[in-house]
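Please look over the sequence and the structure first, then read on.

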Amino acid sequence: EVYFKNLSKQKQKQVMEKNGNNHRLRVCVATCNRADYSKLAPIMFGIKAEPQFFELDVVVLGSHLIDDYGNTYRMIEQDDFDIHTRLHTIVRGEDEAAMVESVGLALVKLPDVLNRLKPDIMIVHGDRFDALALATSAALMNIRILHIEGGEVSGTIDDSIRHAITKLAHYHVCCTRSAEQHLIAMCEDHDRILLAGCPSYDKLLSAKNKDYMGIISMWLGEDVKTRDYIVALQHPVTTDIKHSIKMFELTLDALISFNKRTLVLFPNVDAGSKEMVRVMRKKGIEHHPNFRAVKHVPFDQFIQLVAHAGCMIGNSSCGVREVGAFGTPVINLGTRQTGRETGENVLHVRDADTQDKILHALQLQFGKQYPCSKIYGDGNAVPRILKFLKSIDLKEPLQKKFCFPPVKDNISQDIDHILETQSALAVDLGGTNLRVAIVSMKGEIVKKYTQLNPKTYEDRLALILKMCVEAASEAVNVNCRILGVGISTGGRVNPREGIVLHSTKLIQEWSSVDLRTPISDALHLPVWVDNDGNCAALAERKFGHGKGIENFVTLITGTGIGGGIVHQHELIHGSSFCAAELGHIVVSLDGPECLCGSQGCIEAYASGIALQREAKKLHDDDLLLVEGMSMKEEEIVSAAHLIQAAKLGNAKAESILRTAGTALGLGIVNILHTVNPSLVILSGVLANHYVNAVKDVINRQALSSVKTVDVVVSNLADPALLGAASLVLDYTTRRIY
């Protein structure tokens, strides 16, 4: 035994000499609340397990020491850590002033503690106001700081605090590639940044298979089954307390209506928490048979509860980070986590005026099971962090150096830049031309290819494949990573199967065509297909006037008349994929014949084909040309000639355009009375000629309750291609509800 002890000491001495470090690294870990301890505890266990390298000092402050928040310092003692110092730093009041006073009190008390402990390095976690006091004290006292979870983005004041701690910290442990890139963008030294993953994932990814039924029974009752209960955890948003309390009230109303057993955790100590607790008590949550309201759940047990829940709801970072490890459905409420990277298990409810939207989200999410997400870690964060700590050279200068980027004319061709320019292949199948483009995430058309659309199915499909292959090859040269192919085509489309059911007369041999399979097989990329009108609406939703608008309608005024309807941020397809055939709204029972076979459709009056038909009639009767106009003998009469004649004072042409505008306006009035959008977007080459006429008809014919609708002309140069790209790009970004 003595021999092996001496051998161990000799090995320890050799390691220390190799690292150029003749003493153990004295590490101070300061924890402020239950949430940051769940991230710091795995690191603390790792440090404690290697006493030959580290000496651990634990400082406890903040809400850990408050009875109303569960006296959570006890779980640190239960984990067998010696607490060297307890600092009562929270000034009660739960408002903005109390938060500021708490930071000030911590700044007053911490210097004495740090002078006594004299740590080599302090580990600080996250974005809480307590952590800002810790980082400020350590920085001013020349103590090196290791910041956990820097570089992330979220809502509220937490963002500013997190980035402020980043600027004070000497070393950074981040959880995601995006966070690492944010730190580099903030001019932090790349050599002092470790992409480790979230420490809590080291425990999460091995936790789900443990015994859990006893834990569920203890907290929710013996009659509760897995996947049949909800965990709710909602905190105040300090930058908009009033709104966050209203959102919490609506959440509780929705949970009461949803009628499932629910575990509600009390909010944190931030400004506004007192008012949230009042709301809970006003609604009788603590005594409601379906609710269990608790101040604190030990992290090991909390893991099991969320892992086997039917849903988690609230605005805690735990919902968008840790819960993804289990694939549990999450409803993220409000703006507190805006900007966080999330898995597909997270459904965002950014705003809610009534409980209905939250209740609908519960109906959509409850009981689902999503793939497990490892965005925030792979279970090996702690070994990486310990190795990083051992590599710290205390002989290096303490003063931070910021790495300001040089200005470069050329674009680097490394993998990070390629990942930043994620793009889609967009295909537009028009009546005349076939176009393929590379479209970036920001809606920039990087490269565009145009060919005449072949007349036969075989030639058309062969040309699509040829152009897509060429574009995909070119994407490598322009640093674009293609995520998928989006196709915009005329006709009725089944977007679920990627099949053109039948097309307009403008595109021949284009019925019952499976576009997804051959293109996906050839390019080894996912393929999405939709109607050109729907694609135009998607383009407006992502890049145009429809961005952020809940309900709007887009009408394309071109060769034909088409459109798309967006209701509650979602595109409406209809039961047989025939919704939003807006060009075929009938505005006259005895009007001109339409290409669809009916009479009096909007398209029969206001489309480019209809205007061309009327222009030909005038030209045949020698009534088209007026002074200032001329036509070559072989020139084909078009809608453009009719518009030109009207501008030059041709009364007949003016009358035709007025009738066309009136027909379009009447159709839009019908749309307003049916779906009641807040915005109408006119797109296509004829939009500018119709916008005033449409507004006039709405003012004359519409009900007073819809006359306030905004009617605008699209500012998108190429909505068909942008809409096709949106089919791909929307799928690759987080869902917004």
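A residue counts as buried when its relative accessible area is under 20%, as exposed when it is over 50%, and as partly exposed in between. By that rule, 53% of the 737 residues of the chain are buried. The model is a predicted one, and every value in this report was computed from it.

## Overall layout

The secondary structure of the chain amounts to 25 helices and 26 strands. Taken along the principal axes, the C-alpha atoms fill a box of roughly 115 × 60 × 45 Å. The chain is divided into four parts: domain 1 (22-204 + 381-391), domain 2 (207-365), domain 3 (413-542) and domain 4 (545-715). Between the centres of domain 2 and domain 4, taken over C-alpha atoms, there are 49 Å.

One residue pair gives a further sense of scale. Leu-523 is found in helix H18, which covers residues 516-523. Because its relative accessible area is 14%, and buried means under 20%, Leu-523 counts as buried. From Leu-523 to Asp-36 there are 487 residues in sequence and 46 Å in space, C-alpha to C-alpha.

## Cavities

How many cavities of 30 Å³ or more are there? The count is five. The largest cavity holds about 660 Å³ of space. Its lining consists of 39 residues, and those nearest the centre are Asn-33, Arg-34, Ala-35, Asp-36 and His-235. Two or more lining residues come from each of helix H2 (34-48), helix H6 (158-168), helix H12 (299-307) and helix H13 (317-320). H2 supplies the largest share of this lining, with five residues. Sorted by class, the lining of the largest cavity has twelve nonpolar, 13 polar and 14 charged residues.

## Aromatic rings

Two numbers describe a pair of aromatic rings: the distance of the centres and the angle of the planes. The structure holds four aromatic pairs. Two of them are set out below.

| Pair | Centre to centre | Angle between planes | Arrangement |
|---|---|---|---|
| Phe-53 and Phe-54 | 6.3 Å | 55 degrees | tilted |
| Tyr-171 and Phe-388 | 6.2 Å | 85 degrees | edge-to-face |

Tyr-171 belongs to strand S6 (residues 171-174) and Phe-388 to helix H15 (residues 381-390), so this pair ties together parts that are 217 residues apart in sequence. Tyr-171 and Phe-388 are both buried.

The charged end of Lys-390 is placed over the ring of Phe-53, at 4.4 Å from its centre. In another case, Lys-48 lies over the face of Phe-81, and the distance to the ring centre is 5.2 Å.

## Backbone and loops

Most residues other than glycine have a negative phi. Arg-227 is not a glycine, yet has a positive phi of about 65 degrees. Arg-227 is placed in the loop between helix H9 (213-220) and strand S8 (229-233).

Asp-622 is another residue other than glycine with a positive phi, in this case near 55 degrees. Asp-622 has a relative accessible area of 68%, and because exposed means over 50%, Asp-622 counts as exposed.

Helix H21 also contains Gln-612. With a relative accessible area of 24%, Gln-612 is partly exposed. Gln-612 and Ile-549 are 63 residues apart in sequence, and their C-alpha atoms are 35 Å apart in space.

Note on methods. Residues numbered from 1 in each chain as written. Predicted model: local features only at pLDDT ≥ 70, side-chain atom pairs only at ≥ 80, totals over all residues. Heavy atoms only, no water. 1 Å grid on protein atoms, 1.4 Å probe; cavity = no way out; pocket = protein on both sides within 12 Å on 5 of 7 lines; lining within 4 Å. Points joined across faces, edges and corners; volume = space filled by probe spheres on them. Helix = DSSP H or I, 4+ residues; strand = E, 2+ residues; numbered from the N terminus. Nonpolar A, V, L, I, M, F, W, Y, C, P; charged D, E, K, R; others polar. Phe/Tyr/Trp six-rings, centres within 6.5 Å; stacked < 30°, edge-to-face > 60°. Buried < 20%, exposed > 50% of the residue type's maximum accessible area, 1.4 Å probe, protein only. Lys NZ or Arg CZ within 6 Å of the ring centre and 35° of its normal. Domains from an automatic or database assignment.
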